[in-house]
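User: Could you walk me through this structure? I'm new to this, so please keep it simple.

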Amino acid sequence: MAGPNAVFRALADPTRREIIKLLRRKALSSGEIAEHFPSAWATISRHLGVLKDAGIVSAERNGN
């Protein structure tokens, strides 16, 4: 389990908070999440990694 510092760090960024709002509605792929932001997919992927490391989201691999 991640410590409180990791959780607060993850929640400090407005983009990550917006990602959490999107995921509360339904499960989305990283590509679907990236479509909602002007940032590159790689940037969104890093945001998702921070959220995952903090224990806020979980990942599931489907496909290749």
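User: Which residues does Leu11 touch, not counting residues up to four places away in sequence?
Analyst: This is a predicted model, so keep that in mind as we go. Leu11 sits in helix 1 (residues 4-11). Leaving out residues up to four places away in sequence, Leu11 touches Arg17, Ile20 and Ile56.

User: Is Leu11 buried, partly exposed or exposed?
Analyst: Buried would need under 20% relative accessible area, and exposed would need over 50%. Leu11 comes out at 33% relative accessibility, so Leu11 counts as partly exposed.

User: How are helix 2 and helix 4 angled to each other, parallel or perpendicular?
Analyst: The axes of helix 2 and helix 4 (residues 41-53) come within 10 Å and cross at roughly 80 degrees. Angles from 65 to 115 degrees get their own label. That makes the two helices roughly perpendicular.

User: Which residues make that contact, and how many of them are nonpolar?
Analyst: On the helix 2 side you have Thr15, Arg16, Ile19 and Ile20. Helix 4 brings Ile44, His47, Leu48, Val50 and Leu51. Sorted by type, the contact has 1 charged residue, 2 polar ones and, to finish, 6 nonpolar.

User: Which side chains meet in a salt bridge, and where are they?
Analyst: The count comes to 1 salt bridge, with 4.0 Å from N to O.

Definitions and conventions. Residues numbered from 1 in each chain as written. Predicted model: local features only at pLDDT ≥ 70, side-chain atom pairs only at ≥ 80, totals over all residues. Heavy atoms only, no water. Axes fitted to C-alpha atoms, helices over the stretch in contact; angles between N-to-C directions. Helix = DSSP H or I, 4+ residues; strand = E, 2+ residues; numbered from the N terminus. Parallel < 35°, antiparallel > 145°, perpendicular 65-115°, else oblique. Contact = heavy atoms within 4.5 Å. Nonpolar A, V, L, I, M, F, W, Y, C, P; charged D, E, K, R; others polar. Buried < 20%, exposed > 50% of the residue type's maximum accessible area, 1.4 Å probe, protein only.
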